[in-house]
Amino acid sequence: MTKPLIFITNDDGVNAKGFRLLIDVAARYGRVVAIAPAEMQSGKSNAITMYQPLFLKKVVDEPDKQIYSLTGTPVDCAKMAFDNLLLGEKVDLALSGINHGSNSSVSLIYSGTMGAAVEATLSHVPAIGFSLLDYHADADFTAARHYVRLILQEMLRHPFTDEASLNVNIPNVPLQAIKGV
């Protein structure tokens with residue numbers, strides 16, 4: 001059986017703790033191709049780079065895990081994946097995050113995390129944007145890891161329409177305090 005192809009991006013940058021955690025969890029379930037901005041790109045929403053060249057650099061090359069850095073926005077990363085790097089391949093699921101901080105209310109409009117997830121749906125790939133409600137660089141991702149794994153398993157077992165993006169915000173509380181999804 002062929003492993004699912006999972007595309008991952010974010011807006012916090014290629015070295016962000018949440019991005020690396022999301023890759024590690026997803027790699028247990030399929031082949032991962034990840035492209036993230038070379039630097040922090042929070043608040044970029046659906047912005048694209050138009051008048052500057054973009055540079056793509058491979059930073060990890062393992063059999064089922066490739067990670068790239070791109071000198072662009074989160075949406076640039078998604079476009080690079082779907083219009084170039086993964087062109088002609090069936091991408092089963094796109095993940096964005098794990099963002100540091102909330103992507104609810106008006107923050108959703110400005111979110112690069114969710115901008116990239118929405119861009120994936122424009123390429124007919126179901127997408128999920130994950131956020132942990134903690135802005136600290138040393139945030140505890142224990143609960144996020146748990147719920148990302150559960151949601152990812154469910155989405156791969158029962159895929160939803162390729163015209164949908166989910167926005168998942170994980171509270172900044174101990175895992176035991178979360179009552180469910």
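**Exercise 1.** Does Glu-119 count as buried or exposed?

*Solution.* The model is predicted, so local features need pLDDT of at least 70 and side-chain atom pairs count only at pLDDT 80 or more, while totals for chains, interfaces and linings use all residues. Residues are numbered from 1 along each chain as its sequence is written, and side-chain values use heavy atoms, with hydrogens and water left out. The classes are as follows: buried means under 20% relative accessible area, exposed over 50%, and partly exposed in between, with a 1.4 Å probe and protein chains only. Glu-119 has a relative accessibility of 10% and therefore counts as buried.

**Exercise 2.** Determine which residue pairs with Lys-79 in a salt bridge, and which elements the pair ties together.

*Solution.* Side chains of opposite charge can pair when their charged atoms come close. A salt bridge is defined here as a side-chain nitrogen of Lys or Arg within 4 Å of a carboxyl oxygen of Asp or Glu. Lys-79 forms such a bridge with Glu-119, and their closest N and O atoms are 3.3 Å apart. Because Lys-79 lies in helix H2 and Glu-119 in helix H4 (residues 112-122), the pair ties together parts that are 40 residues apart in sequence. Helices (H or I, at least four residues) and strands (E, at least two) are DSSP runs, numbered from the N terminus. Lys-79 is partly exposed, at 31%.

**Exercise 3.** State how many salt bridges the rule gives, and describe examples.

*Solution.* The count comes to eight salt bridges. One of them joins Arg-31 to Glu-89, with the closest N and O atoms 2.7 Å apart. Arg-31 belongs to strand E2 and Glu-89 to the loop between helix H2 (74-85) and strand E5 (93-100), so this pair ties together parts that are 58 residues apart in sequence. Arg-31 is partly exposed at 24% relative accessibility, and Glu-89 is partly exposed at 35%. A further bridge links Asp-61 with Lys-58, where the closest N and O atoms are 3.4 Å apart. Asp-61 is exposed at 54%, whereas Lys-58 is partly exposed at 39%. Finally, Asp-24, Glu-62 and Lys-65 are linked in a network of salt bridges.

**Exercise 4.** Describe how helices H1 and H5 pack.

*Solution.* Helix H1 (residues 17-26) and helix H5 (residues 142-157) pack at an angle of about 40°, and their axes are 10 Å apart. H1 is therefore oblique to H5. Axes are lines fitted to C-alpha atoms, for helices over the stretch in contact, and angles run from 0 to 180 degrees between N-to-C directions. Angles under 35 degrees count as roughly parallel, over 145 as roughly antiparallel, 65 to 115 as roughly perpendicular and the rest as oblique. The crossing of H1 and H5 is right-handed; a crossing is right-handed if the near helix is turned clockwise from the far one by less than a right angle, and left-handed if anticlockwise.

**Exercise 5.** Identify backbone features at Ser-45, Ser-105 and Ile-98.

*Solution.* Most residues other than glycine have a negative phi, and most peptide bonds are trans. Ser-45 has a positive phi near 50°; Ser-45 lies in the loop between E2 and E3 and is buried at 18% relative accessibility. Ser-105 also has a positive phi, about 55°. Ser-105 is placed in the loop between E5 and helix H3 (107-110) and is exposed at 65%. The peptide bond from Gly-97 to Ile-98 is cis, with omega near -5°, and Ile-98 is found in strand E5.
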